[in-house]
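The following paragraphs are meant to be read beside the sequence and the model, with the viewer open at each residue as its name comes up.

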Amino acid sequence: MQKPQGDDFSLKSFPRLGNYWMGGGEKATSTYDLVEKMQYLYVRVVKAMDLPAKDITGSCDPYVEVKLGNYKGATRHFEKNKNPEFNQVFAFSKDRIQATSVEIVVKDKDLIKDDFIGKVSFDLNEVPRRVPPDSPLAPQWYRLENQKGEKSKGEIMLAVWMGTQADEAFAEAWHSEAANVGGDGVANLRSKVYLSPKLWYLRVNVIEAQDLQASDKGRFPNLTVRAIIGGQALRTKPAQLRTASPLWNEDLMFVVAEPFEDQLILAVEDRVEPNKDEILGKAAIPLQSVEKRLDYRAVASKWFHLEKHGGGGGEGEKKETKFAGRIHVRICFDGGYHVLDESTHYSSDLRPSARQLWKPSIGVLELGILSAQGLVPIKAKDGRGCTDAYCVAKYGHKWVRTRTIFGSFSPKWNEQYHWEVYDPCTVVTIGVFDNSQLQDKNAKDTRIGKVRIRLSTLETDRVYTHSYPLLMLHPSGLKKMGELQIAVRFAYSSLLNLMHVYAQPLLPKMHYLHPLSVAQLDHLRHQATHIVSSRLARAEPPLRKEVVEYMLDVDSHMWSMRKSKANFFRVVGVLGGLIAMARWFEQVRHWKNPVTTVLIHVLFVILVLYPELILPTAFLYPFIVGVFYFRYRPRRPPHMDTRLSYAETVHPDELDEEFDSFPSSRPMDIVRMRYDRLRSVAGKVQTVVGDLATQGERLQALLSWRDPRATGLFLTFCLLAAVVLYVTPFSVVILLGGLYYLRHPKFRSKLPSPLLNFFRRLPARTDSML
């Protein structure tokens with residue numbers, strides 16, 4: 001695969017944003033100081049009264065049409081209503097206005113041709129301007145005019161003004177950019193703010209059951225308890241005592257969201273055959289009655305009656321409910337944990353579930369979503385490619401969606417949002433999508449790309465304005481989908497509070513005092529993302545499931561050869577500094593530069609003779625290095641690095657494997673080849689892990705007497721070394737040892753040292769492995 005040009009994927013800066021910028025990162029007076037000011041003509045149609053009859057029946061079916069040049073928007077019509085209430089706002093972009101007046105026309109809906117009722121006209125030069133935080137313009141009654149300009153019967157209540165996107169009516173308005181979109185499609189174009197459901201961990205401690213009645217009295221029952229909440233189901237291990245009064249004492253963890261609509265169903269089941277379970281009884285527990293706790297204090301356990309439904313006497317009769325025993329459980333909401341619904345590497349919120357444990361916010365994040373450039377065509381319409389782009393930003397519980405810009409490869413949103421910040425070591429994610437609901441409601445919105453910004457990498461109160469490349473990895477390779485221009489600012493209220501956060505644990509203390517297993521956290525995160533995506537998909541308009549999953553990185557845990565290589569080279573990069581330092585020290589030992597080696601000798605002797613200087617020097621050195629690197633500090637927020645992700649030169653077959661379904665849908669020979677390749681990679685990892693284990697076991701072998709002679713030699717050496725160190729000053733020992741280690745290569749053998757030879761001969765537990 002040919003390597004693409006790296007310059008296409010670089011981060012670009014742009015210095016100014018319209019007339020709102022004053023240079024140097026200073027704030028302007030407007031609340032929308034991160035985005036360009038966009039002028040709109042707003043028309044609020046409130047209601048009408050005393051409309052004349054147009055039908056034979058003596059009534060009318062009115063609606064209002066707002067016309068401005070070539071652009072025309074209409075309200076919904078009302079059946080047989082002379083006093084309709086419309087309550088709708090229309091917004092026309094000033095950049096697209098090609099008329100001197102705006103007309104508000106009231107019409108009567110008809111099957112063949114709509115009848116004219118009356119109109120009101122406004123000269124655009126006479127329209128007042130409104131600048132928030134001024135109060136909204138009060139609507140007024142206007143008498144309708146006929147087509148000759150004469151007053152006629154009927155009145156309409158209107159408000160017409162010039163404003164910007166900072167106006168409160170902007171989000172709910174019908175926009176002229178969507179003039180060709182009608183019906184329910186307009187709702188899917190508007191900007192919206194969504195809130196994630198409040199998630200809790202539900203702990204179900206299944207203790208025991210009593211008085212169970214198995215159908216087969218002649219065998220020992222094999223009993224388990226299955227707990228079900230909504231679409232989640234977990235099962236305990238088989239009971240320790242195979243009797244009618246079994247004991248489990250096992251915890252089951254679930255994720256639930258407020259409001260608690262589902263019930264907890266506990267079913268005691270008997271495994272009568274390998275693939276057949278018999279339900280001995282069920283208990284339904286409403287979640288509203290479950291206690292919430294903030295720490296790990298004990299919660300009172302309760303007994304619940306188990307019921308079993310038997311058959312009725314015939315068709316149409318109710319099933320008979322019978323007592324089938326009782327079950328002893330302890331149930332509570334664990335509010336001291338943070339419910340993980342994001343990838344742990346890109347978390348935007350780390351607060352516990354219980355609001356009582358939340359600490360005050362430390363600052364504010366402001367994000368201006370400006371525009372996009374060079375978007376690629378996503379779908380075809382009228383024989384040509386088009387894109388209907390919108391952005392979604394997520395931080396904490398708050399999701400924001402910009403309005404959809406219809407049919408533009410260079411959309412301009414210029415919308416600004418803000419969030420409260422509780423932890424600076426969190427990430428805000430901005431994704432760009434194509435709105436596919438305008439043509440097909442069942443189609444999925446297409447990913448265009450996303451940007452992540454970690455707040456801790458931003459300087460306080462500085463505005464960062466950059467154009468981020470939107471990169472997507474397709475089965476055909478890495479592709480640039482366009483560029484996203486955003487402005488971001490992070491400001492904190494108190495430097496002391498900010499520094500205090502850095503000394504606190506990343507997660508709530510319950511994660512450390514009573515940690516959950518890695519397998520539990522993976523399972524619970526899967527359930528949490530499913531709940532969040534399901535709840536947001538039920539909003540109006542819905543935030544699509546594919547959008548939520550992409551923003552939450554649901555598929556980040558899937559195997560990828562590309563990611564494995566990228567992580568390997570990340571490890572190499574981390575160790576690169578240590579390796580470079582070790583190589584430099586070897587050059588010092590081999591006297592490659594005699595001046596440097598002599599200076600190291602002098603420094604070493606000074607530190608040995610004056611040991612009180614060792615610790616100050618150890619702390620002074622990183623201070624000097626950090627000050628030296630200050631002028632090389634990053635000036636831009638981090639962005640998607642294609643080389644770090646190993647996405648520029650990835651092999652096509654590895655891409656095909658990454659985009660394959662799970663389970664695989666590829667032919668058997670391809671799966672076999674990939675399995676063999678995976679075995680090869682895993683074999684190398686296995687060898688490295690085995691080597692590390694071997695070195696550790698050799699250290700243990702020094703005192704374990706697995707090799708009696710080696711342990712005896714080591715103990716003898718320890719005894720002699722202890723005697724020598726007692727009678728010899730420690731500084732003399734260190735000085736002689738250091739000078740011996742730094743001796744000239746002429747006095748050094750090329751063979752390994754006796755100590756290294758001795759260590760390599762120590763036994764490891766590899767001898768006992770099959």
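D33 is buried in this predicted model, since its relative accessible area is 5%, and a relative accessible area under 20% is what the word buried requires. Its side chain meets that of R489 in a salt bridge, with 2.8 Å from N to O. The pair links distant parts of the chain, because D33 belongs to the loop between β1 and β2 (39-49) while R489 belongs to strand β30 (residues 477-492), 456 residues apart. R489 is buried as well, with a relative accessible area of 1%.

K107 forms a salt bridge with E65, whose closest N and O atoms are 3.2 Å apart; since K107 lies in strand β6 (residues 101-108) and E65 in strand β3 (residues 62-68), the pair ties together parts that are 42 residues apart in sequence. E65 counts as buried, at a relative accessible area of 7%. The side chains of K308 and E278 also meet in a salt bridge, here with 3.7 Å from N to O, and because K308 lies in strand β19 (residues 302-310) and E278 in strand β17 (residues 276-286), the parts that this pair ties together are 30 residues apart in sequence. In this pair K308 counts as partly exposed, at 31% relative accessibility, whereas E278 counts as buried, at 17%. Salt bridges also link R226, R235, E269, R271 and D277 in a network.

Strand β30, which holds R489, leads on to the sheet. An open sheet of 5 strands has the order β1-β29-β30-β21-β26, and its pairing is antiparallel. Its edge strands are β1 (12-13) and β26 (412-421), each of which pairs on one side only. Strand β21 (residues 363-373) runs antiparallel to β26 and is joined to it by 8 bridges, and E366 stands opposite H418 in β26. Strands of a sheet pair through backbone hydrogen bonds, in either a parallel or an antiparallel arrangement.

Elsewhere in the chain, 5 bridges join strand β8 (residues 140-145) to strand β9 (residues 151-164), and these two strands also run antiparallel. Within this pairing Q140 stands opposite L158 in β9. The two strands form a hairpin with 5 residues between them, and in the turn G149 has a positive phi of about 85 degrees.

Y40, Y42, W161 and F170 form one aromatic cluster. Rings also meet charges: the charged end of R452 sits over the ring of Y346, 3.7 Å from its centre, and the charged end of K398 sits over the ring of W419, 5.5 Å from its centre.

The backbone deserves a separate look. Most residues other than glycine have a negative phi, and most peptide bonds are trans. Against that background, K80 has a positive phi of about 50 degrees although it is not a glycine; K80 lies in the loop between β4 (71-74) and β5 (85-93) and counts as exposed, at 58% relative accessibility. N87, again not a glycine, has a positive phi of about 50 degrees, but its place is in strand β5, where N87 counts as exposed at 53% relative accessibility. A cis peptide bond joins E258 and P259, with omega at about -5 degrees, and P259 lies in the loop between β15 (247-257) and β16 (263-273). Another cis peptide bond joins E540 and P541, with omega at about 0 degrees, and P541 lies in the loop between α3 (518-537) and α4 (545-551).

Which residues make a nonpolar surface patch of about 520 Å²? The patch is made by V598, V602, I606, L609, Y610 and L613. V598 is found in helix α6 (residues 594-609) and is partly exposed, with a relative accessible area of 41%.

Definitions and conventions
Residues numbered from 1 in each chain as written. Predicted model: local features only at pLDDT ≥ 70, side-chain atom pairs only at ≥ 80, totals over all residues. Heavy atoms only, no water. Patch = residues over 30% accessible without salt bridge, like charges linked within 9 Å, V, L, I, M, F, W, Y side chains within 5 Å. Areas by Shrake-Rupley, 256 points an atom, 1.4 Å probe, with all protein chains shown as cover. Salt bridge = Lys/Arg side-chain N within 4 Å of Asp/Glu carboxyl O. Helix = DSSP H or I, 4+ residues; strand = E, 2+ residues; numbered from the N terminus. Buried < 20%, exposed > 50% of the residue type's maximum accessible area, 1.4 Å probe, protein only. Pairing = 2+ DSSP bridges. Phe/Tyr/Trp six-rings, centres within 6.5 Å; stacked < 30°, edge-to-face > 60°. Lys NZ or Arg CZ within 6 Å of the ring centre and 35° of its normal.
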